[in-house]
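Student: I would like to learn how to read a structure like this one. Could we go through it feature by feature?

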Amino acid sequence: MINSILITSGPTIEPIDPLMFISNHSSGKTGYYIAEEAKKRDIERIVYITGPSNYIPDNVDIIKVKTAIEMREQVLKHYNDVDLVIMAAVVSDYASAKIYPDKINKDQESISLKLIKNPDILSELGNRKKKQILIGFAVETENIFKNGQKKLKKKNLDLLVLTEISESNKAFKVDESQVYFLTGNGIKANKKMKKSEIAGILWNEILNLKPNK
Ligand code: CTP
């Protein structure tokens, strides 16, 4: 039975100075629709951890974060209390090694910025997995199935939602997308559809899954 779930959504933003940051194109729509669909399926508790986004569902436990480090802290805090985690957030893979307390002025022709790797939250969840079902997302541009299968195994996931980014299938800032579902049982290709519809078929798939551990 799935009673309580954790959804992450939106981008993370990694500060450089008081004005600048590193982020990505995630709008938070996918996580929003997954939460809306969860409510229709009578999930008792929804913990929703989101980076900055205009798409915030109501009647869920909202936790707002900015950086990957903050997201990790909140996800780990709630991990043991939930039956399912859906990592729909697009976590910035890198953060600035230094956060400048004062605004960087443009008095130099060029400056270098050192980036350091953020923790991979989903991999950590995979390593610590007990009863939880784990769902991850991936966008790929080449060797999509090979890379997807690798992520499914490496992160110890039950299901990976895979998008191939191309001119005709842009994953970000669009309403429709074409995704594949990868599980231990193989690959399922879905038609291009609205993100709200993807949330519906994803939930159907989840409810047919059995945890692989
Ligand atoms: N993810 C995460 N923590 C990170 C990066 C990603 O938890 N620091 C999660 C995302 O929420 C997503 C999944 O991992 O569900 C796939 O992210 P992706 O960036 O595609 O995979 P990576 O393992 O970072 O591989 P790549 O080298 O291709 O970027």
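Student: Which backbone oxygen does the side chain of histidine 78 reach?

Tutor: Before the answer, note that this is a predicted model. A polar contact is read as a pair of N or O atoms within 3.5 Å. Here the side chain of histidine 78 reaches the backbone oxygen of glutamine 74, at 3.0 Å. Histidine 78 belongs to helix α2.

Student: Is histidine 78 buried or exposed?

Tutor: The label follows from relative accessible area: buried means under 20%, exposed means over 50%, and partly exposed lies in between. Histidine 78 has 12% relative accessibility, so the residue counts as buried.

Student: Which other residues of α2 are buried?

Tutor: The buried residues of α2 are Ala68, Met71, Gln74, Val75, Leu76, His78 and Tyr79. Take leucine 76, which also lies in helix α2. Leucine 76 counts as buried because its relative accessibility is 18%.

Student: What span should helix α2 have, and what are its end C-alpha atoms apart?

Tutor: The expected span is 1.5 Å times one less than the number of residues. Helix α2 covers residues 68-79, which is 12 residues, so it should span 16 Å; the end C-alpha atoms are 16 Å apart, in agreement.

Student: How many residues does α5 have, and how far does this helix reach?

Tutor: Helix α5 runs over residues 195-207 and has 13 residues. From first C-alpha to last it reaches 18 Å, close to the 18 Å expected. Its buried residues are Lys195, Ile198, Ala199, Gly200, Leu202, Trp203, Glu205 and Ile206.

Student: Let us turn to the ligand. Where does the ligand sit?

Tutor: The ligand sits in the largest pocket. It is surrounded by 13 residues, and the closest are Met87, Ala89, Leu122, Phe137 and Lys155.

Student: Which element gives the most to the shell around the ligand?

Tutor: That is β9, with three residues. Both α3 (121-127) and β9 (133-140) supply at least two residues each to this shell.

Student: Which polar atoms of the protein lie by oxygen atoms of the ligand?

Tutor: A polar backbone atom of leucine 122 is 2.8 Å from a ligand oxygen atom. A polar side-chain atom of lysine 151 lies 2.9 Å from an oxygen atom of the ligand. For aspartate 93, a polar side-chain atom lies 3.3 Å from a ligand oxygen atom. As for area, the ligand taken alone exposes 580 Å², and the protein buries 77% of that.

Student: Where is lysine 151 found, and how is its accessibility classed?

Tutor: Lysine 151 is found in helix α4. Its relative accessibility is 31%, so it counts as partly exposed. The C-alpha atoms of lysine 151 and phenylalanine 137 are separated by 9.4 Å, with the residues 14 apart along the chain.

Student: What should I look for in the backbone angle phi?

Tutor: Most residues other than glycine have a negative phi. With that in mind, consider aspartate 42, whose phi is positive, near 55 degrees. Aspartate 42 lies in the loop between α1 (29-40) and β4 (45-50). This residue counts as exposed because its relative accessibility is 66%.

Student: Which value does phi take in asparagine 156?

Tutor: Asparagine 156 has a positive phi of about 60 degrees, although it is not a glycine. Its place is in the loop between α4 (144-154) and β10 (159-164). Asparagine 156 has a relative accessible area of 16%, so it is buried.

Student: How far apart in space are glycine 126 and asparagine 190?

Tutor: Separation along the chain and separation in space are read as two values. Glycine 126 and asparagine 190 are 64 residues apart in sequence and 26 Å apart in space, C-alpha to C-alpha. Glycine 126 is found in helix α3, and this glycine is buried because its relative accessible area is 3%.

Student: Where is alanine 189 found, and is this residue buried or exposed?

Tutor: Alanine 189 is found in strand β13, residues 186-189. With a relative accessible area of 56%, alanine 189 is exposed. The C-alpha atoms of alanine 189 and asparagine 127 are separated by 28 Å, and the residues are 62 apart along the chain.

Note on methods
Residues are numbered from 1 along each chain as its sequence is written. This is a predicted model: local features need pLDDT of at least 70, side-chain atom pairs count only at pLDDT 80 or more; totals for chains, interfaces and linings use all residues. Side-chain values use heavy atoms; hydrogens and water are left out. Helices (H or I, at least four residues) and strands (E, at least two) are DSSP runs, numbered from the N terminus. Buried means under 20% relative accessible area, exposed over 50%, partly exposed in between (1.4 Å probe, protein chains only). A residue is near a molecule or strand if one of its heavy atoms lies within 4 Å of it. A polar contact is a pair of N or O atoms within 3.5 Å; within protein, one must be able to donate a hydrogen and the other to accept it, and residues adjacent in sequence count only if both atoms are side-chain atoms. Accessible areas come from the Shrake-Rupley method with a 1.4 Å probe; for residues, only the protein chains shown count as cover. On a 1 Å grid over the protein atoms alone, a cavity is a set of points where a 1.4 Å probe fits but cannot get out, and a pocket is an open set with protein on both sides within 12 Å along at least five of seven lines; lining residues have an atom within 4 Å of a point. A molecule sits in a cavity or pocket if more than half of its atoms lie within 2 Å of its grid points.
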